[in-house]
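I opened the model today to look up a few backbone and contact details. My entries are below, in the order I made them.

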Amino acid sequence: MPDTSRPDQTPDRSVLLDHVSIRFGNFTAVDNANLKINSGEFFSFLGPSGCGKTTLLRCISGFSEPTEGKVLIGGKDMAGVGPNKRPTALIFQHLALFPLMSVADNIAFPLEVRGVSKKERRKRADELLEMIALPGIGDKKVSELSGGQKQRVAIARALAVEPDILLLDEPLSALDLKLRQHMRTELRAIQKQVGVTFIYITHDQGEALTMSDRVAVMSKGVIEQVGEPDRIYNRPRSAFVASFVGENNALQGVIKVQSGETAALDTPMGTFEARVGGGRKYKAGDKALLFVRPEQLVPGAGDNAFEATLTRQEFEGATNHVFAKAGDSELRVSMVNAGLAGSLPAAGETLSLGFAPMNATILPVADMASDT
Amino acid sequence: MKQLKLAYDTMLAKHGMGAALFVAIAVTLWVVVFITLPQLSMLDYSFRFNLPADQIGTEADHYTLDQYRSFFFNNDGSVNTLDLMILLRTIVAAVIVTLIDVLICYPIAYILAHGAKGVAARLMVIGLIIPYWINEILRAFAFRVLFGATGVVNTVGMQIGLWDVPVDFIRADVALYFGLSYAYILLMIFPMYNAIEALDHTQVEAARDMGAPLWRVHWRVVLPIAKPGIVSGATMVFMLTAGALAAPQILGGPSSLWFTQVIYQWFNESSNWPRGSAYAVVLLFTCISFVLLTMRVFKVSVGEIGK
Amino acid sequence: MNRNTLFGGAYAVAFFSFLFGPLVIMVITAFNSSKFPRVVPWECFTTGWFGELFGNQRLMDGLLNSVIIGAGVVALAVPIGLAGALALSELPSKLRATLYTVLILPILIPGVVLGISTIVLWGQISRGFGAGGLYNGYFLTIVGQITFISAYAMLVFIARLQRFDATQTEAALDLGATPGQAFRKILLPFMAPAIGSAAFITLLASFENYNTTVFTVLSESTFTTALASKVRHGTDPSLSALAVIIITITLVGALTNEAYQRRKEAEMGGRASRSPLYANPVTRALTHPGVVFAILVGIIAVVSFAGSRHDSSMCEAAVLQEKLDRQEELRAAQKARIEAEQKQQSTLPKSNSAFGGAFGGLGGATPAPESAEPAAPKPESPSAFGGAFGGITAPKLEE
């Protein structure tokens with residue numbers, strides 16, 4: 001909507017983080033973040049709690065200044081510009097709707113503080129309520145709304161100022177699962193409609209992967225990788241990304257030889273060939289980790305074949321999660337349910353497994369996400 | 001100083017110039033003009049002679065320890081046991097009143113926090129607050145009516161034959177102790193209640209379930225949680241009782257003075273302000289030292305008070 | 001467990017009897033025509049003590065002074081308390097603890113000390129700068145009281161501020177409000193209920209205060225100091241009548257507040273539509289706090305009017321006559337006894353001082369009988385005596 005109301009060409013709604021570091025005393029919350037978020041993009045920062053993503057968001061919205069580096073919005077340096085002067089709007093984790101005001105007053109608040117007349121405010125609030133498909137609730141109290149309605153009212157309020165950038169701080173985390181999934185679709189639709197750049201903060205990889213054009217994965221203040229969701233999933237560039245996004249099996253080993261894009265790795269289970277992640281160069285004898293996803297481990301001989309003993313399995317309808325022991329590591333294997341045509345293996349049975357070299361990644365040894 | 005500046009800047013960024021200036025000015029005024037300066041002024045006064053107005057500022061007006069000396073010693077050099085005993089008696093009586101309040105308020109605070117529900121709890125809270133809304137003087141007056149020679153207590157006592165001549169409860173200070181214990185009950189219950197309410201009731205049930213007798217549940221589970229509240233309430237009750245003036249004036253026996261009454265006499269009856277100031281300093285110093293000592297013993301900080 | 005509940009209930013009943021017993025007895029004495037406030041012997045039901053109360057010029061002057069001082073204290077202590085609470089919310093934790101201790105200290109300092117330090121300081125200032133105008137009872141009492149009453153207001157604001165979601169202010173800033181706008185439009189409206197209760201508490205505390213005020217008020221008097229000097233110099237049931245008025249106001253306030261709280265709770269919880277009480281238009285209107293208040297005030301008005309029409313003079317005259325007869329009897333008996341005693345010894349009879357006190361009651365200005373009693377309690381002089389003599393003046397005063 002802000003888009004269509006402007007006759008001139010689409011404004012620059014990009015955000016540039018130029019070597020941004022944020023420190024509190026000795027603690028580094030954000031370490032040298034350097035990336036560009038494109039105009040009109042749905043961009044997510046994904047990471048566990050305490051990784052610095054909220055700090056970064058508050059820095060973009062103007063509640064804190066970077067210790068080093070610059071934040072540019074629409075090409076303009078934002079140093080010294082307060083949150084009320086930036087072309088950004090923030091949706092807070094708990095929404096921060098004003099409980100003492102009606103829904104319409106909430107939505108019109110940004111216009112009120114800019115001195116817009118009462119009549120005009122009401123008209124604009126009704127338009128925005130129309131847009132979020134909640135017409136006629138303007139006179140209700142905030143406490144009378146359901147969780148999903150509050151969510152949409154918060155978005156309408158943020159859009160009332162016609163911001164160039166909408167910042168969202170885990171706004172869906174308080175909702176139940178079903179509503180959360182519904183709101184993902186809705187958020188994506190609203191973003192496409194208004195054309196505003198969305199910067200979304202989350203620790204939920206499902207949200208990040210389903211909604212975003214691009215995702216930045218953060219850990220301990222460092223941006224580990226930026227890319228499209230499928231590249232993040234299939235081409236992780238660090239052990240953290242490989243282990244934090246989706247399920248993964250990690251095998252420790254020593255590099256035997258590298259030949260261009262692939263390398264051979266000696267592990268206790270045998271020698272495996274796999275793609276080298278992040279275009280790195282290894283010498284023979286370097287320690288490294290091999291990551292292979294459960295769905296890439298396929299039964300039967302072939303490339304990188306090995307044998308494992310089935311320990312237990314969890315049947316989940318479409319997928320059968322099989323846990324197997326090979327050497328001293330336990331592996332997770334996802335098998336698609338073949339229906340009655342296939343038969344489930346039993347515990348203690350020996351499985352022959354293998355994986356394609358292009359579907360596994362060799363990465364340097366580093367901290368992995370601890371909760372997987 | 002740097003931190004104050006920082007706090008002011010935060011305030012400025014968060015609430016704007018008007019609010020920041022208002023807060024800075026109001027708090028400074030309060031701390032400096034209303035709290036600190038009067039106390040310093042009183043301290044200064046207590047080290048001076050009681051001079052007629054035309055001699056103030058002349059050579060005769062210099063610092064002296066005279067006022068404090070006369071608190072500790074009589075003119076003939078003997079120890080001023082009269083005033084010292086009054087101070088001691090005031091402190092001891094305040095301690096007794098405080099202990100009585102702790103004992104009678106603890107069960108109610110516990111019942112309010114974990115026993116009573118819904119309407120009963122609301123009624124109890126209202127019932128606690130209403131007596132507190134009634135003027136302090138009238139509350140003392142009520143006890144005078146109750147304990148007077150023809151009061152209800154004497155009438156009932158004589159009717160059922162406990163005693164045959166009216167007992168003078170006023171002279172025996174019984175009315176005073178009752179009145180003082182009554183006066184600050186609310187200030188004891190609410191800090192206690194706030195502390196006990198924080199206790200998860202399932203802990204009590206778990207302890208009972210494991211077979212602990214009720215007294216042990218309270219001693220081991222509830223009391224440790226209630227401790228800051230008890231100390232906070234006890235501090236307030238003690239300070240207010242030791243500093244009470246109205247109740248001792250109305251309910252006190254003719255022969256037993258409260259220390260505040262001595263101060264009152266120096267000011268309003270003898271017009272000896274420096275002496276009165278010195279006595280006030282003595283009272284303040286004694287009470288605060290006593291409270292700080294008690295808090296040290298029970299390992300509670302001043303910051304807990306009023307919460 | 002059941003036994004414990006029973007014990008708890010019994011204890012609660014005993015405890016609240018202790019809290020309300022003295023008040024109930026005081027209320028009853030307000031309607032007994034006996035000159036000294038007491039329940040037994042019951043003489044006549046009267047409403048005359050209310051008239052006596054309103055006729056007390058010193059108390060009424062004090063009431064006016066208290067209103068003036070109370071208004072001044074509310075106007076200053078509420079903003080100061082708010083400033084204190086806001087300052088504490090922004091300070092780093094170590095400094096916050098220090099400032100909290102400093103600001104809470106005036107609550108703990110004996111009121112006597114606060115009163116003295118206030119008059120000493122402002123006495124010095126007015127002497128030093130020749131600003132004699134500052135040295136008056138109103139100004140000093142306001143200044144002395146706000147020193148600690150601001151701390152009460154502050155505690156109310158701290159409690160409210162703790163429930164404030166700071167992201168509300170951030171959201172307002174983010175949406176383009178200036179810090180000043182966010183303060184006025186978000187934080188202050190949120191604090192509004194607390195400002196109301198702080199104003200109420202500070203007014204009550206100012207009104208009630210004795211220890212500080214008795215020093216700072218100088219030659220003036222407030223309602224409470226006038227009350228205290230009346231109690232110290234002799235009591236009569238007009239004080240009980242005052243208690244009746246205050247308790248009534250308190251109860252009306254408490255009930256109205258309860259109605260208001262319940263309604264708000266029901267509306268906030270979305271229960272309003274489900275509760276039959278709020279669904280029915282008649283009961284909904286009846287439970288409105290304003291209506292509850294109006295009904296209570298109406299009842300009180302009717303009762304007061306009926307009470308003011310009540311004439312107890314017939315009954316009192318009868319009691320008086322009875323007393324005079326009895327007094328005659330006693331006097332005769334005493335005379336006989338004195339004569340008997342005089343035969344044995346020539347000293348004055350012991351009961352003389354008690355008599356003096358009793359007669360003193362006639363004048364009204366001198367200490368009333370009961371206040372003299374503790375000084376000279378004599379078993380031989382039944383205090384019914386003092387009451388009997390005092391009673392003589394009562395009908396005259398009511399005219």
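Ground rules. I am working with a predicted model, in which local features need pLDDT of at least 70 and side-chain atom pairs count only at pLDDT 80 or more, while totals for chains, interfaces and linings use all residues. Residues are numbered from 1 along each chain as its sequence is written, and chains are lettered from A and ligands numbered from 1 in the order in which they are written.

Loop residues. I looked up A:Glu170 and found its phi near 45 degrees, a positive value in a residue other than glycine. A:Glu170 sits in the loop between strand 7 (165-169) and helix 5 (177-194) of chain A; helices (H or I, at least four residues) and strands (E, at least two) are DSSP runs, numbered from the N terminus. I also checked A:Asn304, whose phi is near 45 degrees, in the loop between strand 15 (298-299) and strand 16 (306-316) of chain A.

Interface. I found 17 residues of chain C in contact (C-beta atoms, placed from the backbone, within 7 Å) with 19 residues of chain A. Helix 7 of chain C gives the most to the side of chain C that touches chain A, with six residues.

Annotated spans. UniProt, in an unreviewed entry, lists residues 12-37 and 119-135 of chain B among those under "transmembrane region"; positions are in the numbering used here, feature names are shortened, and annotations may be inferred rather than shown by experiment. For residues 12-37 of chain B I noted end C-alpha atoms 28 Å apart and 100% helix. For residues 119-135 of chain B the ends lie 27 Å apart, with 88% helix.

How values were computed. Contact = placed C-beta atoms within 7 Å.
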